[in-house]
Amino acid sequence: MRGWQLASFALFFGLWELAGRWPLSAAFPPASQTGVALWQMIQDGSLPRAYLITLQPLLIGVALCAVAGITFGVGMGLSRAVEWLSLPVFIILQAAPMAAIIPLLTYMYGIGLTSKVLAVIMLSAPVIVMNSYKGIRNTNPSLLQMCRSFQGSRTQEIVKIVLPHAAALIFTGLRLGLAMGFIGIVIAELLITPTGIGDLITYNSSVADYPKMFAAIGSIVAVAAVSLHLLQRLELRLFPRD
Amino acid sequence: MTEVEVSGIRKIYDNGLEALRDVNLAFPKGQLSTLLGPSGCGKTTLLKIIAGLIPRSAGEVLVKGKPVDGPGPERAFVFQDFALLPWADVLRNVAFGLELRGVPRPEREQVARRFIAEVGLKGFESRHPNQLSGGMRQRVGLARALTVDADIILMDEPFSSVDEQTRRKFQEDLLVLLRQHQKTVIFVTHSIEEAAYLSDQIALLSPRPGTVSKIVRPEVDRSKSPDEIRRDRNYLDTVDEIWGILRQYV
């Protein structure tokens with residue numbers, strides 16, 4: 001398995017190298033040049049600096065979503081009134097094309113950190129809320145009957161059955177929320193004001209330093225993929241599948 | 001002596017479907033009574049009404065002579081799909097009924113260990129349900145029902161998700177356990193052989209709406225070995241008699 005994964009990476013970078021050297025386009029550098037550019041950007045500190053800026057609104061946004069989103073989702077799952085009030089909002093948010101709404105954020109909150117945090121929240125909140133909500137709602141009815149048959153109280157039912165049952169789905173929601181957060185922060189940094197990774201991408205593209213531009217894009221893809229993969233591993237450890 | 005009695009039970013679901021009509025039954029103390037009938041005859045509905053898990057539309061449930069309206073400590077339920085907590089080990093699952101009642105941990109675990117051994121799962125205390133076979137999972141469900149020391153055990157098709165060989169052994173063990181603890185048992189099944197093998201009293205239900213069509217009391221000598229019972233004249237006659245009645249419904 002491990003061998004095949006390595007082979008798959010080798011094939012991918014090999015084809016990239018070939019396509020870059022062909023050359024397919026003047027704006028398409030081979031893998032080796034991109035790798036060198038990546039190394040330079042790490043060495044001169046521009047890439048780490050960019051990540052410090054980019055990760056800030058991402059982590060603030062996802063953390064806020066984790067606290068408020070799980071609270072909201074659990075509330076919606078447990079109470080019909082909260083569900084009636086807020087379910088439509090999140091369904092609409094989930095369906096709305098976010099790139100169209102982000103300029104509106106700039107209009108209202110300017111170009112600072114607030115707008116970027118909000119962009120992250122708007123993308124990641126719906127999936128976190130909906131997963132918590134579904135986790136609560138999908139509690140095995142037979143377990144609830146079992147709790148009642150032993151005269152468990154409503155509080156015991158929630159603490160000992162509903163919440164542990166929903167925990168796995170809530171965690172999945174957090175992981176998907178972080179994935180959406182990555183999308184949100186990159187869109188925000190490209191659409192609102194170029195900062196962090198968004199700045200490295202736009203600047204290097206404008207001065208036609210394509211290896212650096214590709215290195216910046218590749219790095220954010222790699223950071224997102226690796227962190228989501230690690231979260232998934234953690235998830236499987238914490239909540240083994242039946 | 002009658003331990004549980006239902007009279008005039010009627011159940012109409014929200015969609016207008018009438019599941020049970022005027023059901024009157026008495027369940028004698030210390031005996032195993034079976035509710036038997038084809039699917040859709042409302043036998044599980046009746047059992048859950050007795051358990052207080054679903055509301056009835058009319059009628060009365062008397063437990064030890066007193067009318068009841070919800071679950072109570074004198075009744076324990078064994079579920080068709082086991083209803084075990086997948087994130088908890090066998091020990092916690094078996095002790096869960098006591099946990100809900102606020103019994104301190106050392107005490108409830110001591111009781112749980114005793115019943116885990118009684119149902120034949122000694123050594124499996126720290127396993128999780130997904131590491132157990134269907135038969136073993138139902139043994140956990142049975143142990144959980146026994147720990148709360150209820151006089152009445154309600155069992156909803158407990159062996160339907162258990163394979164045939166395991167089921168026979170489990171049925172034999174169940175008879176021994178229940179007699180030893182002198183429980184009053186109400187048992188739902190759709191298997192005629194199972195009903196005839198286990199029961200002191202069998203209530204046959206007809207479908208849509210469910211009503212009691214006949215009560216059969218198999219005169220099987222329980223002191224015989226399981227294999228002898230399965231060859232017993234009365235046992236075989238009971239199976240034939242029940243089939244004669246039920247065949248008109250299927």
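Student: What share of the residues in chain A is buried?

Tutor: Buried residues make up 36% of the 242 residues in chain A. The model is predicted. To count as buried, a residue needs 20 or more other C-beta atoms within 10 Å of its own.

Student: What makes up the secondary structure of chain A?

Tutor: Chain A has 10 helices and 0 strands. From the N terminus on, the elements read α-α-α-α-α-α-α-α-α-α. The C-alpha atoms fill a box of roughly 70 × 50 × 30 Å along the principal axes.

Student: How much of the contact in chain A joins residues at least 24 apart?

Tutor: Take the contacts between residues at least 6 apart in sequence; 73% of them join residues at least 24 apart.

Student: Why is A:Ala95 called exposed?

Tutor: Count its neighbours. A:Ala95 has 8 other C-beta atoms within 10 Å. The cut-off for exposed is 12 or fewer. The count of 8 meets that cut-off, so A:Ala95 is exposed.

Student: Where is A:Ala95 found?

Tutor: A:Ala95 sits in helix α4 (residues 80-95) of chain A. Its C-alpha atom is separated by 20 Å from that of A:Gly77, which is 18 residues apart along the chain.

Student: Why is α4(A) said to lie largely in the open?

Tutor: Of its 16 residues, the number buried is 1, so α4(A) lies largely in the open.

Student: Where is the kink in α4(A)?

Tutor: At A:Ser86, shortly before the proline A:Pro88. The kink is about 40°. That angle is taken between axes fitted to the seven residues ending there and the seven starting there.

Student: What makes up the contact between chain A and chain B?

Tutor: 13 residues of chain A are in contact with 15 residues of chain B. On the chain A side, α7 (141-149) and α8 (154-191) are the elements that give two or more residues. The largest share, 7 residues, comes from α7(A). By class, this side has 5 nonpolar, 6 polar and 2 charged residues.

Student: Which domains are assigned in chain B?

Tutor: Domain 1 (2-74 + 152-249) and domain 2 (83-149). Their C-alpha centres lie 25 Å apart. Where the domains touch, 11 residues come from domain 1 of chain B and 8 residues from domain 2 of chain B.

Student: Which helix gives the most to the domain 1 side of that contact?

Tutor: Helix α5 (residues 164-181) of chain B, with 5 residues. The residues on this side divide into 6 nonpolar, 3 polar and 2 charged.

Student: Which residues touch the most other members of the largest nonpolar core?

Tutor: The core has 128 residues, and B:Leu36, B:Ile50 and B:Ala143 are among those that touch the most other members. B:Ile153 is another of them. Helix α6 (residues 113-137) of chain A gives the largest share of the core, 14 residues.

Student: Why is this core placed between domain 1 and domain 2 of chain B?

Tutor: Both domains give residues to the core, so it lies between them.

Student: What does B:Ile153 touch?

Tutor: Leave out residues up to four places away in sequence. B:Ile153 then touches B:Ala76, B:Val78, B:Ala145, B:Lys183 and B:Val185. Contact here requires C-beta atoms within 7 Å.

How values were computed
Residues numbered from 1 in each chain as written. Chains lettered and ligands numbered in written order. Predicted model: local features only at pLDDT ≥ 70, side-chain atom pairs only at ≥ 80, totals over all residues. Core = buried A, V, L, I, M, F, W, Y, C linked by C-beta atoms within 7 Å. Helix = DSSP H or I, 4+ residues; strand = E, 2+ residues; numbered from the N terminus. Domains from an automatic or database assignment. Contact = placed C-beta atoms within 7 Å. Nonpolar A, V, L, I, M, F, W, Y, C, P; charged D, E, K, R; others polar.
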